[in-house]
Amino acid sequence: MMMIDRRRLLAGGAALGVLSSSGFGEWAKAWAQTAPWKPEAGAQLSMLRWKYFVQSEDDAFVAMIDAFTKATGVKVNISRESYEDVQPKASVAANTGAGPDMFWGLYSLPHLFPQKCVDVTDVADYLGKKYGGWTDSAQQYAKSGDKWIAVPVCYSGNLMNYRVSHMKKAGFSEFPKTTDEFLEYAKATKANGNPGGLALGHASGDGNGWIYWCLWAFGGNHVDKNDKVTINSPETEKALIYAKALYDNMIPGTVAWNDSFNNKAFLAGEISWTNNGISIYVAASKDPSKKEIADDMNHAYMPVGPVGKPTELHLMYPVLAMNHTKYPQACKALMAFMLEAQNFNPWIEAAQGYLTHCLNAYDANPVWTADPKRTVYRDVAKRSLTAGGQGSVGEKAAAAIADFVILDMFAAYCTGREDAKNAMRIAERQLTRIYR
Amino acid sequence: MSDDAMVARIKPARRETTSWERLKANRNWLGFWFMVPAMAFLILFLAYPLILGVWLSFTDARIGRPGVFVGIENYEWLAGDTNFWLVVFNTLFYTLVASVVKFAVGLYLALLLNERMPFKAMIRAVVLIPFIVPTVLSAIAFWWIYDSQFSIVSWSLRNLGLIEGNINFLGDTWNARWSVIFANVWRGIPFIAITLLAGLQTVSPSLYEAATIDGANSWQRFRYITYPLLTPIIAVVMTFSVLFTFTDFQLIWVLTRGGPVNATHLMATLSYQRAILGGNLGEGAAISTAMIPFLFAAIMISWFGLQRRKWQQGEDN
């Protein structure tokens, strides 16, 4: 999905200028005086966040944190880990009651230890009222019952990336909108020598992204509303058969792909379509030798399947405070500060479409319209379902996704290791245990 | 003075020498106290985590929440889990093949390096390189070598006109298994070669001289002198090698994450995936605990291998 070695290609943009201007500093001070959360005396925070993929996003983030420190006197120590390593560290912190005060991770991280998270309902209510409300999926990710256990900061959209010239060559005037058309598209591009590829290895982001989309697109669900396991169904079988047909028309080797393979392959011109964040486009735009690819690519929503509505799964990045922190008020102040328009607008601009807001008011940010190729990523928070599917988004859904139960089921069937019935039965057994 | 009075005077004196002073002079008692620091260290850092791990495997502990005792439920579940058995097979296959190849090539290299040759010291240093490079770095290098689109191997063979398309190193079940085994062997050989070389150098040249005079050929010299004298070192080095291979984690995690379709998942990686990523500590601990019998067997084989070598004490040669 993202390439770490490309993250430094992007220098801080104009957005950084806004965050470091003196007028901004005064706004931050005024904010600190009127904000409902007064940091404890002598408060110091440490936060572990996922490692940035777009350098300018991190620059803007650091500038925002500096402003917070200047305005409130609260020092914030930021450490960064590869996004897959945040969860194990947060889990250990939750288990031992020691470690960073705040964690900014992905998916349903707070639901792995809901009772260890500071109740941030007041922060979420404050932001929701001020900025046009939260999207549905964001609420599901951040709430445990009626209580908010995290603040859903943003999504990282996972949509189709495709080469425009290859699409035209395959006889399509626009990217397919339905699953049937998409299969035809895969066949046509492969026949032209421009195959695409979707990761079938243990790729937490891209692999799960398209697998859950495919399952839901055909009406399959791993659990129902009451968390009863329903994976073994004719709908799932249809999804498996469709995925295999797609797989047979992809570039060989996708079963070994992790999250970064499709980026590499797309940027090298080896594949003509894949599912990804906007990072391929950002990397291609900044690299003069890849300009041809940047000019020739575009993004599209994931095609809609027989269920007739979008069934996308995007990466959620919630930030949470651990209840072992000595400074819960400072944590809440920082969370609210991060999502105030004066901070959040320049920050998502700096992220160049990589990150999408969960607060409706930010739809108006010019980042989404300045470059029309980014526009589809604006809507991911509204289109996203949660990793729980129809069921709860709690620790069980998190365990199912972390253990790659659904992904392995698809991979086993697509590679011919298991037939559909067996693949579903194995997944059913694993899910039954996770959801007991 | 009466006898009674005499006895009364001697008795207390005798009691003093018996208990405390005798204990103080007792070498075993003193020895015990000298051992305490080492023992405390072992208990704290080895025994306690091990016992805790075994205990966790009998609970349904999840991350962030202590579990309750569930007996052998985790093991029962694993017994019926086809993925688990696939992983056990992978681990045994990986360990067996990699260890045998590492031993054969390592011994061969050690014998070569023991010969007289120019730049001997430098060649020995070069052989160590795969062992010196951090595992994660060499794994990343292999990750590129095995890439399904950018592999240098595929590229070279394609340009030589030997193959049509790219080799699907990590995407095909068996290709992936052989690929990770190759990477492990590459990394493990220096350890075995250098350790066996050290052993070879302790073999007295006079034995070879005597054998040569007796008319032994080079195979016989290897079979009846080198091999028997090397056996204790082989036993130690192979135990370590088997243990390291059996518990391998980094290489697999970087190269395949256990894919494709769990074909290269080892017990260590599955345990991590289920316990830390999936949050199911109890089940992960059960997978780790299931490794113990295998490791114990490896240690026992080596231990008895060492014990049998009575010739070490000069009884039989």
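In this predicted model, strand 1 of chain A, helix 3 of chain A, which spans residues 55-72, and strand 2 of chain A together make a β-α-β unit that is right-handed. The two strands of this unit, strand 1 with residues 44-50 and strand 2 with residues 75-81, pair in the parallel sense, and 7 bridges join them. To find one place in this pairing, look for A:Trp50, which stands opposite A:Glu81 in strand 2 of chain A.

Strand 1 of chain A also pairs with strand 3 of chain A, made of residues 102-104, again in the parallel sense, here over 3 bridges. A residue to look for in this pairing is A:Met47, whose bridge partner in strand 3 of chain A is A:Met102.

Further along chain A, we can turn to a pair of helices, helix 19 with residues 405-414 and helix 20 with residues 420-434, whose axes come within 9 Å and cross at roughly 165 degrees. Because an angle over 145 degrees counts as roughly antiparallel, helix 19 of chain A and helix 20 of chain A are described as roughly antiparallel to each other. The crossing of helix 19 of chain A and helix 20 of chain A is right-handed. On the side of helix 19 of chain A, the contact is made by A:Val405, A:Ile406, A:Met409, A:Ala412 and A:Tyr413, while helix 20 of chain A contributes A:Ala420, A:Ala423, A:Met424, A:Ile426, A:Ala427, A:Gln430 and A:Leu431. Sorted by class, the contact between helix 19 of chain A and helix 20 of chain A has 11 nonpolar residues and 1 polar residue, with no charged residues.

Methods
Residues are numbered from 1 along each chain as its sequence is written. Chains are lettered from A and ligands numbered from 1 in the order in which they are written. This is a predicted model: local features need pLDDT of at least 70, side-chain atom pairs count only at pLDDT 80 or more; totals for chains, interfaces and linings use all residues. Axes are lines fitted to C-alpha atoms, for helices over the stretch in contact, and angles run from 0 to 180 degrees between N-to-C directions. Helices (H or I, at least four residues) and strands (E, at least two) are DSSP runs, numbered from the N terminus. Angles under 35 degrees count as roughly parallel, over 145 as roughly antiparallel, 65 to 115 as roughly perpendicular and the rest as oblique. A crossing is left-handed if the near helix is turned anticlockwise from the far one by less than a right angle, and right-handed if clockwise. Two residues are in contact if their C-beta atoms, placed from the backbone, lie within 7 Å. Ala, Val, Leu, Ile, Met, Phe, Trp, Tyr, Cys and Pro count as nonpolar, Asp, Glu, Lys and Arg as charged, and the others, Gly among them, as polar. Two strands pair if DSSP finds at least two bridges between them. A crossover is right-handed if, with the strands pointing away from the viewer, the path from the first strand over the helix to the second runs clockwise.
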